[in-house]
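Please open the model in a viewer and follow the selections below in order.

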Amino acid sequence: MKLSTQKTPPRGRLTIVGSGIKSVAQCTIEARREIENADIVYTLVPDPVAMHWLRQLNADVQAMDDLYQRCEHRWDTYQAIIETLLNAVRKQQRVVAAFYGHPGVFVYPSHEAIKQARAEGYPASMQAGISAEDCLFADLGVDPAEMGCQSYEATQFLVWPRQFDPGAALVLWQIGVLGDLTLTRATPLPGALTLLTKKLLPYYTPDHPIAVYESATLDVATSHIEWMPLRRLPYAKPAHVATLFVPPFGELVADQNVVAALNLPANNLYFANSK
Ligand SMILES: C[S@@+](CC[C@H](N)C(=O)[O-])C[C@H]1O[C@@H](n2cnc3c(N)ncnc32)[C@H](O)[C@@H]1O
């Protein structure tokens with residue numbers, strides 16, 4: 001009898017999916033299919049309604065939230081999440097990890113777990129989900145095609161000297177924990193919103209409207225949108241999960257050399273999908 005020298009491929013695999021921002025309603029059909037067919041589903045979904053639904057789809061759903069309490073430092077929590085997922089994959093299980101929103105947007109351990117699984121020879125992939133920014137575009141009626149859109153982590157934006165463009169929209173994530181590198185607070189550090197206002201004021205007028213945005217997380221709820229002039233930002237009370245939106249400011253002037261070189265109509269520039 002001839003023995004095959006071909007190795008059987010590992011059965012273990014990792015699929016990362018998103019549950020969306022709005023509980024249950026924004027979980028994609030492909031994510032649902034993965035969840036139903038998984039041997040085990042690990043979750044970071046801070047929502048009891050979604051958790052109840054996930055448990056109806058799969059008998060083995062394990063929440064990873066307690067890792068945040070068990071580890072003192074955020075970095076250790078991330079490593080614990082990655083190890084939890086990888087250990088199950090190494091046991092040759094079909095592992096699905098479900099994170100809220102889009103699983104690859106502001107989620108370090110999802111990307112890292114995929115890299116490590118692949119490095120160990122296991123198939124690993126991520127599916128797109130619906131992020132808070134997607135909800136913001138819909139709720140605020142913002143199309144990034146119009147003037148462009150830049151997106152930053154709020155504390156990073158404040159601390160680092162970024163070259164940003166006030167002529168494009170600005171989305172600042174994690175405004176509700178501005179200045180807190182440990183991400184253990186539920187409010188911005190005292191004085192942090194004032195520092196952010198000072199950073200923005202040279203680029204906008206004090207009356208420029210800005211929005212503190214909190215998307216609905218339940219189908220029956222409505223999103224909370226608080227518009228205010230930029231000068232009021234130091235007094236804002238953003239929710240823990242809020243995102244800050246700053247609309248574009250100022251007139252853009254076309255580069256006439258490019259306009260001429262492309263033979264574009266100088267006084268009637270119309271870009272596809274924008275005004
Ligand atoms: C760790 S990130 C997770 C993002 C998530 N993966 C996503 O796809 O939206 C947390 C940040 O996302 C934004 N966010 C999460 N939930 C939100 C909500 N319900 N409304 C507005 N922004 C939200 C906030 O900026 C918050 O600080």
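**The ligand and its shell**

Select the ligand first: it has 18 residues around it, of which H102, A132, S215, V241 and T243 come nearest (a residue counts as near if one of its heavy atoms lies within 4 Å). This is a predicted model, in which local features need pLDDT of at least 70 and side-chain atom pairs count only at pLDDT 80 or more, while totals for chains, interfaces and linings use all residues. Residues are numbered from 1 along each chain as its sequence is written, and side-chain values use heavy atoms, with hydrogens and water left out.

Colour the shell by class: 10 residues are nonpolar, seven polar and one charged (nonpolar: Ala, Val, Leu, Ile, Met, Phe, Trp, Tyr, Cys and Pro; charged: Asp, Glu, Lys and Arg; polar: the others, Gly among them).

**Polar contacts**

Next, display the N and O atom pairs within 3.5 Å. At S215, a polar backbone atom is 2.7 Å from a nitrogen atom of the ligand. Moving to A242, a backbone N or O atom lies 3.2 Å from a ligand oxygen atom. At T243, a polar side-chain atom is 2.8 Å from an oxygen atom of the ligand. The protein covers 92% of the 570 Å² of accessible area that the ligand has on its own (Shrake-Rupley method, 1.4 Å probe).

**The cysteines**

The structure holds zero disulfides. C27 counts as buried at 13% relative accessibility (buried means under 20%, with a 1.4 Å probe and protein chains only), and C135 also counts as buried, at 7%.

How values were computed. A polar contact is a pair of N or O atoms within 3.5 Å; within protein, one must be able to donate a hydrogen and the other to accept it, and residues adjacent in sequence count only if both atoms are side-chain atoms. A disulfide is a pair of cysteine sulfur atoms within 2.5 Å. Buried means under 20% relative accessible area, exposed over 50%, partly exposed in between (1.4 Å probe, protein chains only).
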